[in-house]
Amino acid sequence: MDHNYYTSRTYGPFDSTSRDLWVNIDQMEKEKVKIHGILSNTHRQAARVNLSFDFPFYGHFLREITVATGGFIYTGEIVHRMLTATQYIAPLMANFDPSVSRNSTIRYFDNGTALVVQWDHVHLQDNYNLGSFTFQATLLSDGRIVFGYKEIPVSVTQISTTNHPVKVGLSDAFVVVHRIQQIPNVRRRTIYEYHRVELQMSKVTNLSAVEMIPLPTCLQFDSCGPCVMSQIGFNCSWCNKLQRCSSGFDRHRQDWVDHGCPEELKDKICEKNVDTTEMPPHITTAIQQTTMRSRVLTTTKGAATSLLPTSVPTEDDTKIALHLKDNGASTDDSAAEKKGATLHAGLIVGIFILVLIVAAAVLVTVYMYHHPTSAASLFFIERRPSRWPAMKFRRGSGHPAYAEVEPVGEKEGFIVSEQC
C-alpha cells in the first residue's frame with residue numbers, strides 16, 4: 001500500500017517565501033532561546049527537549065523530542081544507539097561535530113505554538129575544510145514541518161556517508177515486543193519502519209526551504225461512522241475493543257494486534273447507519289483539501305526491499321530491523337528471532353551434554369578410587385603424568401611454541417633450553 005502522510009513544497013533561494021519561512025532566532029526573546037551546552041561541545045550526542053504544545057507527527061501527538069548533534073531530531077520514545085535508523089525529522093543528517101569549532105552551537109526556541117531547533121555553524125567531523133553549515137527545523141502545532149537552510153557550503157550529495165548516514169526527510173516506525181520462549185521473562189523489541197519521506201538532496205542549498213504539510217490519517221477519527229466512511233487514501237478500520245480508528249500501521253500497532261483488531265471484519269457495519277453528516281466539519285475540510293493537494297513525495301512501499309536505507313550502511317545505521325512483510329508487519333517471530341531461538345536451543349543441549357560428561361567423569365573417578373585393582377585404574381596408573389615425556393620450549397620472537405618432544409631421564413616436568 002502507498003501511504004501518503006505529507007505533501008511538500010520546496011522554495012529556492014530566490015523565492016521570497018524561503019526567507020519568510022526562516023526563523024531569525026537572534027530576534028527572539030533571549031530568555032526563551034536556549035543554547036544546549038552539552039550538545040554544542042560533543043559529538044554523536046542527543047538530549048531530550050520537552051514541548052510546550054502537542055505536536056502531531058504521523059497522526060501521533062508528541063510532547064517530547066530528542067535533539068541530536070548529527071543534524072536531526074529523533075521522535076521515538078525508546079532512546080538507543082541507533083537513532084539515525086528511523087523515527088526522525090532530519091533537515092540535514094550528517095556527521096556533524098559541534099566540538100571541533102568554538103562557533104558551533106545548537107539552539108532551540110519554543111514560543112508555545114512552534115519549536116525551532118537550529119544547528120549554527122556546525123562542521124563535519126571527517127571533513128572540516130568543507131566549511132560550516134547553518135540550518136534549522138521548525139515544528140508547528142498544526143503539524144507542519146519546515147526545513148530552513150541558511151548556509152550550505154557544498155552540495156549535500158558530496159557529503160561522505162562512510163562514517164555517518166546522510167539523510168533529508170522524515171521517518172516513522174512502530175515497536176513490537178517479541179517474547180523469547182526459550183528464556184522466560186525476556187523480551188526483545190523490534191522497530192518496524194512503516195513510512196519514510198526522502199527529499200531531494202540537490203534541492204538543499206543556501207537560502208532554500210522545504211515546507212511539509214500533514215495529510216489526514218485514520219487516527220484523527222474518534223467514532224466508527226466517520227472512520228469506515230473516510231476517503232483519505234487509507235483503508236481505515238474501527239476497532240471496538242480499543243475504540244480506535246487505524247489503518248493498522250501506526251505507533252499503536254502492538255495494541256492493535258494484541259486486542260485482535262485485525263481479526264474484526266473490515267466491512268463491519270457500525271451500530272447506527274453511517275452518514276457523511278456524522279463527520280466533523282474539520283475532517284470534511286481536511287478531506288477536501290487532500291483531494292486538491294498534489295502528493296509529490298516519494299513514499300515507501302510495503303515490500304521489504306524498499307525499506308532498506310538508501311545511504312551506505314554505517315556503524316550506527318544497520319542494527320535496527322527496517323522491514324515489512326508483503327502483507328503488512330506481523331508480530332510473528334522474524335527470521336532473526338527464529339535463528340536466535342535455534343542458537344538458544346543448541347546452547348541448552350550443549351550445557352546438558354557437558355553436565356553429563358562431568359557427571360560421568362566424577363562417577364568413574366569414584367569407582368577407580370574404591371577399586372584400585374580394576375582394569376580402568378591400572379590403565380590410568382600406567383599413564384599418570386609422572387610417566388609423560390617432557391616438552392622442551394624455546395623462547396624468542398618468531399619461534400614456535402615448542403621445538404621438540406624428547407623422553408624423560410630422571411628429571412620430570414618442563415625443560416627450557418636456550419638456543420645456541
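The legends below describe close-up views of a predicted model.

**View 1. An open sheet is built from 6 strands.** The strands follow one another in the order S3-S4-S5-S6-S11-S12, and their pairing is antiparallel. Strand S3 (46-57) and strand S12 (187-198) are the edge strands, each of them pairing on one side only. On average, neighbouring strands of this sheet are turned by 30 degrees against each other, with direction ignored. Strands of a sheet pair through backbone hydrogen bonds, and this can happen in a parallel or an antiparallel way.

**View 2. Strand S6 meets strand S11 within the sheet.** Strand S6, residues 88-93, and strand S11, residues 167-179, pair in the antiparallel sense over 4 bridges. In this view Ile89 can be found opposite Leu170, a residue in S11.

**View 3. The rings of Tyr5 and Phe234 form a tilted pair.** A pair of aromatic rings is described by the distance of the centres and the angle of the planes. The count of aromatic pairs in the model comes to 12. For Tyr5 and Phe234 the centres are 5.0 Å apart and the planes stand at 55 degrees, so the pair is tilted. Tyr5 lies in the segment before strand S1 (6-11), whereas Phe234 lies in the loop between helix H2 (224-228) and strand S14 (237-239), so this pair ties together parts that are 229 residues apart in sequence. Both Tyr5 and Phe234 are buried.

**View 4. The rings of Tyr58 and Tyr194 form an edge-to-face pair.** Their centres are 5.9 Å apart and their planes are at 80 degrees, an angle over 60, so the pair counts as edge-to-face. Because Tyr58 lies in the loop between S3 and strand S4 (60-68) while Tyr194 lies in strand S12, the pair ties together parts that are 136 residues apart in sequence. Tyr58 has a relative accessible area of 2% and is buried, and Tyr194, with a relative accessible area of 3%, is buried as well. Ring pairs link Tyr58 and Tyr194 into a cluster whose members also include Tyr5, Tyr6, Phe55, Phe57, Phe174, Tyr192 and Phe234.

**View 5. A charged end sits over a ring at Arg253 and Phe249.** The charged end of Arg253 is 5.6 Å from the centre of the Phe249 ring.

**View 6. Asn127 lies in a loop between two strands.** The loop in question runs between strand S8 (114-122) and strand S9 (133-140). Asn127 is partly exposed, with a relative accessible area of 33%. Although Asn127 and Asn95 are 32 residues apart in sequence, they are 9.2 Å apart in space, taken from C-alpha to C-alpha.

Conventions. Residues numbered from 1 in each chain as written. Predicted model: local features only at pLDDT ≥ 70, side-chain atom pairs only at ≥ 80, totals over all residues. Heavy atoms only, no water. Pairing = 2+ DSSP bridges. Axes fitted to C-alpha atoms, helices over the stretch in contact; angles between N-to-C directions. Phe/Tyr/Trp six-rings, centres within 6.5 Å; stacked < 30°, edge-to-face > 60°. Buried < 20%, exposed > 50% of the residue type's maximum accessible area, 1.4 Å probe, protein only. Lys NZ or Arg CZ within 6 Å of the ring centre and 35° of its normal.
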